[in-house]
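This note is meant for a colleague who is meeting the structure for the first time. Please read the numbered points beside the sequence and the model.

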Amino acid sequence: MRSDGAADCHSRTLLMNVLKFSAFSDGNLGGNPAGVVLCDALPSDAEMQRIAAEVGFSETAFAMCTGTAWRVRYFSPEAEVPFCGHATIALGAALALARGDGVFALVLNDANISVEGQRNGSLFAAALQSPPTRSEPASDQLVGEALELFGYTVDDLDLRIAPALAHGGANHLVL
C-alpha cells in the first residue's frame, strides 16, 4: 500500500487531514485509491459528502476515535455507503501512520470489525476482518432493473450461475 501524501481540508469548525492511499498496490505501483479522514469529531453528513466529492475517489473513510474503538463512516462522491473494503485497508494504513502498528477496533453503521495496520519504511500493510457475510437469490425485479440499466436481457446471462445478492458489509448483485 502506498500513500500519496496529505492535504489539509477545512470545514467551519474542524481542521482535518485528508490522507490519500492506494490499497492493494504493489509497492508504489497501482492500487485502488481511497481517501481517509481521521478527526476528533465526525463532520455532518453534508460535510462528509462534500469532502468525499472533493477527494474524488470512489470512497473516503471518515474515522473518529471513541476511546476504545474507531467510529467509521464511508462516503462516495454521491452517497454514504455501508462498507468499503479498500477504504478500510487504507484506514488501517492511516491508523498505523498516526498511531503505530496495531489492531484497531472499528464500529461501522451495521457491524463491528477490526483492521490491522503495519508500517514498513515508506510502505504500509493492512488486513481487515470482514463484516458478517451472507447471500440469497436475487429477485427477478432486481435482476431485470440491473440488466435494463446496462442494456442487457436475461438471454445475455449464463444461467448456470444463478443471479444472487451477496453481502459482505454491503449488498452486491452478482450476475
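Which side chain is joined to that of Asp45 by a polar contact of 2.8 Å? It is the side chain of Arg73, where a polar contact is a pair of N or O atoms within 3.5 Å; within protein, one atom must be able to donate a hydrogen and the other to accept it, and residues adjacent in sequence count only if both atoms are side-chain atoms.

1. Basis of the note. The model is predicted: local features need pLDDT of at least 70, side-chain atom pairs count only at pLDDT 80 or more, and totals for chains, interfaces and linings use all residues. Residues are numbered from 1 along each chain as its sequence is written, and side-chain values use heavy atoms, with hydrogens and water left out.

2. Overall description. The protein chain has 3 helices and 12 strands; helices (H or I, at least four residues) and strands (E, at least two) are DSSP runs numbered from the N terminus. Its C-alpha atoms fill a box of roughly 50 × 35 × 30 Å, taken along the principal axes. Of the 175 residues in the protein chain, 41% are buried. Here buried means under 20% relative accessible area, exposed means over 50%, and partly exposed lies in between (1.4 Å probe, protein chains only).

3. Surface and contacts of the chain. The accessible surface of the protein chain comes to about 9500 Å², and 51% of this belongs to carbon and sulfur atoms. Accessible areas come from the Shrake-Rupley method with a 1.4 Å probe, and for residues only the protein chains shown count as cover. Among contacts between residues at least 6 apart in sequence, 49% join residues at least 24 apart; contact means heavy atoms within 4.5 Å.

4. Arg73 and its surroundings. Arg73 is placed in strand β5 (residues 70–75). With a relative accessible area of 13%, Arg73 is buried. When neighbours within four places in sequence are left aside, Arg73 is in contact with Leu42, Asp45, Met48, Thr60, Ala61, Phe62, Glu80 and Asn109.

5. Salt bridges. A search of the whole structure finds 5 salt bridges, a salt bridge being a side-chain nitrogen of Lys or Arg within 4 Å of a carboxyl oxygen of Asp or Glu. One of them is formed by the side chains of Asp45 and Arg73 (2.8 Å, N to O). This pair links distant parts of the chain, with Asp45 in helix α1 (residues 45–55) and Arg73 in strand β5, 28 residues apart. The side chains of Arg73 and Glu80 also meet in a salt bridge (2.7 Å, N to O).

6. Arg160 forms a salt bridge with Asp158, and the closest N and O atoms are 2.6 Å apart. Arg160 counts as exposed at 76% relative accessibility, whereas Asp158 counts as partly exposed at 35%. Salt bridges that share partners join Asp45, Arg73 and Glu80 into one network.

7. Helix α2. Is this helix largely enclosed or open? Of the 15 residues of α2, 11 are buried, so α2 is largely enclosed by the rest of the structure. The buried residues are His86, Ala87, Thr88, Ile89, Ala90, Leu91, Gly92, Ala93, Ala94, Leu95 and Ala96. The expected span of a helix is 1.5 Å times one less than its number of residues. For α2 (residues 85–99) this gives 21 Å, and the end C-alpha atoms are 21 Å apart, which agrees.

8. After helix α2. Just after α2, Gly100 takes a positive phi of about 95°. Asp101 lies in the loop between α2 and β7 (102–107). The side chain of Asp101 reaches the backbone nitrogen of Arg119 at 2.8 Å. Apart from neighbours within four places in sequence, Asp101 is in contact with Ala96, Gly117, Gln118 and Arg119. Asp101 and Asp158 are 57 residues apart in sequence and 45 Å apart in space, C-alpha to C-alpha.

9. A nonpolar patch. Leu149, Phe150 and Tyr152 make a nonpolar surface patch of about 410 Å². Patches are made of residues with over 30% relative accessible area and no salt bridge; like charges are joined within 9 Å, and nonpolar side chains (Val, Leu, Ile, Met, Phe, Trp, Tyr) within 5 Å. Leu149 lies in helix α3 (residues 140–149) and is exposed, with a relative accessible area of 66%.
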